[in-house]
Amino acid sequence: MTRAPRVVVVGASIGGVTAAETLRREGFDGEIVLLGDERHRPYLRPPLSKQILLGEWEPDQASTHTVAQAEELDVELRTSCTARGLDVAGRVVRTSQGDLAYDELIVATGSEPRRHPLLPMALTLRTLEDALALRDGLRSAHRVAVVGAGVLGSEIASAARKHEADTLLLGRSGTLTLGGVGTLLSDRLARLHEDHGVELDLRAEIVGAESGLDGTRIELADGRIELVDLVVAMIGATPRTRWLDSSTLTIADGVVCDRGGSAAPGVSAVGDVAAWVDPFTGRPSRVEHQSNAIEQAIAVALRIARGELGTQPVPLFWSEVHGTRIHAYGWFDPERPLVEAAGDPGIQSGTSATDSAVLLSRDDTDRVRGAIGWNAPPRDFRAARAAVLRTPELITH
Amino acid sequence: MGIDVKRDACVGAGQCALVAPDVFDQDDDGIVMLLQTDPEGADLTAATKAERLCPARAITVTAR
């Protein structure tokens with residue numbers, strides 16, 4: 001007698017949960033074991049920097065499933081279980097709760113925030129606990145420094161203003177970035193922050209910091225001292241691959257996978273931790289967007305359950321900063337300025353940062369590769385999305 | 001089968017209206033609007049796809 005096939009999913013965030021769920025829906029009737037290193041049932045991370053931080057949601061509202069839905073899925077969830085190693089040839093994952101044999105493994109361990117070496121007191125944001133601590137900190141803070149000019153820095157600065165704290169946003173590169181859009185929206189985003197009372201310093205070199213009874217003094221290279229009562233550092237994330245270091249998988253800023261998410265026989269990876277080969281560049285690269293984790297998980301689950309070959313999804317990203325909704329779909333070449341879909345000559349100085357716009361990124365042959373909706377009417381953005389070439393000619397090396 | 005949407009969870013990504021335009025639409029703020037609660041056939045298949053793709057997990061397709 002042979003035992004039923006077993007899929008082990010390491011990581012119980014959206015990528016892992018979606019993979020488990022899709023396997024079941026596609027008729028996989030073997031065993032599914034979902035390992036999560038947190039003590040909670042699976043929850044969504046995007047609301048952490050949005051509804052939870054703003055105090056609009058209680059933690060339960062971020063759960064991916066109700067208890068009843070989870071039972072129906074027939075997935076064995078092991079919480080507080082940390083993966084510690086992997087034997088690819090023997091198909092065994094080593095965990096804090098013992099060894100576990102698998103037929104197929106899905107790595108979905110995500111990423112974790114980089115710590116700022118000079119700011120050990122800084123709060124950061126990845127887990128539900130982080131979000132609740134940050135929410136409570138923002139409620140009582142009068143002056144907040146947000147260090148990091150990426151999308152999470154912008155969202156947290158936005159939440160701090162909503163909590164009516166004086167807010168200082170510190171970056172180093174001179175620009176603000178937004179996910180896969182890179183710096184292309186930096187000017188527009190800077191105006192949006194300034195319109196909402198955020199003090200921007202995008203060329204701040206932090207040289208030291210000290211916490212005392214009256215708050216934290218952040219020392220800058222030009223001699224200025226900023227006294228704040230809360231510091232948040234969001235300076236990027238690193239893939240959580242340390243547990244795979246002694247395995248035979250190829251790790252290079254993430255688990256290197258082919259265009260279908262396969263890393264080795266019996267091993268796939270999805271989400272922030274996974275570097276699938278990019279269809280344009282031919283190089284493995286990570287995409288830290290939630291919708292990417294969902295679509296990669298669906299593609300891998302379809303391959304395992306039905307043998308269908310999945311492909312790299314089109315990146316979709318969204319954010320909300322000071323009430324302005326920003327959506328981006330597709331690929332954005334940092335060297336090419338965005339153009340307005342209506343054919344207007346791009347962003348003009350003096351244009352209100354909250355004005356609605358649909359912005360496009362075009363390639364050499366004038367084809368639309370990416371579309372951005374900036375407070376855009378949903379229909380307009382959907383029309384622009386449809387124009388993004390869904391099956392770009394693929395690079396074959 | 002039936003469909004429920006949680007409008008307070010919706011983030012306006014628009015995946016649903018794109019893959020199942022006969023079942024979902026978006027209001028001016030991008031928030032999901034349900035065009036039919038008991039889709040059948042191809043509409044049901046599309047709605048199930050939308051449920052899976054929804055980044056906010058705001059859509060539930062349930063057996064009735």
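Author: Helices here are DSSP runs of H or I with at least four residues, strands are runs of E with at least two, and both are numbered from the N terminus. This is a predicted model, in which local features need pLDDT of at least 70, side-chain atom pairs count only at pLDDT 80 or more, and totals for chains, interfaces and linings use all residues. Residues are numbered from 1 along each chain as its sequence is written, while chains are lettered from A and ligands numbered from 1 in the order in which they are written.

Just after H1(A) comes A:Gly27, with a positive phi of about 90°.

Next, burial. A residue is buried if 20 or more other C-beta atoms lie within 10 Å of its own, exposed if 12 or fewer, and partly exposed in between, with C-beta atoms placed from the backbone. In H1(A), 10 of the 12 residues are buried, so the helix is largely enclosed by the rest of the structure. The buried residues are A:Ile14, A:Gly15, A:Gly16, A:Val17, A:Thr18, A:Ala19, A:Ala20, A:Glu21, A:Thr22 and A:Leu23.

What covers them? Contact means that the C-beta atoms of two residues, placed from the backbone, lie within 7 Å. From chain A, the cover of the buried residues of H1(A) includes strand S1 (6-10), strand S2 (31-35), helix H2 (67-73), strand S7 (104-107) and H6. Chain B contributes as well, through its helix H2.

That second chain deserves a description. Chain B has 2 helices and 4 strands, in the order β-α-β-β-α-β from the N terminus. The radius of gyration is taken over C-alpha atoms, and the globule rule is 2.2 Å times the number of residues to the power 0.38. For chain B the radius of gyration is 10 Å, close to the 11 Å from the rule for 64 residues, so the chain is as compact as a globular protein of that length. Along the principal axes, its C-alpha atoms fill a box of roughly 30 × 20 × 15 Å. Of its 64 residues, 47% count as buried. Among contacts in chain B with a separation of 6 or more, 57% join residues 24 or more positions apart.

Between the chains, 13 residues of chain B are in contact with 17 residues of chain A. On the chain B side, helix H1 (15-19) and helix H2 (41-53) each supply at least two residues. That side divides into 6 nonpolar, 4 polar and 3 charged residues. Here Ala, Val, Leu, Ile, Met, Phe, Trp, Tyr, Cys and Pro count as nonpolar, Asp, Glu, Lys and Arg as charged, and the others, Gly among them, as polar.

Back in chain A, H2 is one of the elements covering H1(A). A:Asp74 sits in the loop between H2 and strand S3 (76-78) of chain A. Its phi is near 55°, a positive value in a residue other than glycine. A:Asp74 has 11 C-beta neighbours inside 10 Å and therefore counts as exposed.

A nonpolar core is a set of buried Ala, Val, Leu, Ile, Met, Phe, Trp, Tyr and Cys residues joined through C-beta atoms within 7 Å. The largest one has 134 residues, and those with the most contacts inside it are A:Val9, A:Val144, A:Val146, A:Val147 and A:Val232. Helix H6 (residues 290-306) of chain A gives the largest share of this core, 8 residues. Beyond four places in sequence, A:Val144 is in contact with A:Leu138, A:Ala160, A:Ala165, A:Thr167, A:Leu168, A:Val228, A:Leu230 and A:Val232.

Finally, confidence. pLDDT is the predictor's confidence in each residue, from 0 to 100. Chain A averages 91, and 93% of the residues score at least 70. Over residues 344-350 of chain A, pLDDT stays under 50, and the model has 6 contacts for them beyond four places in sequence.
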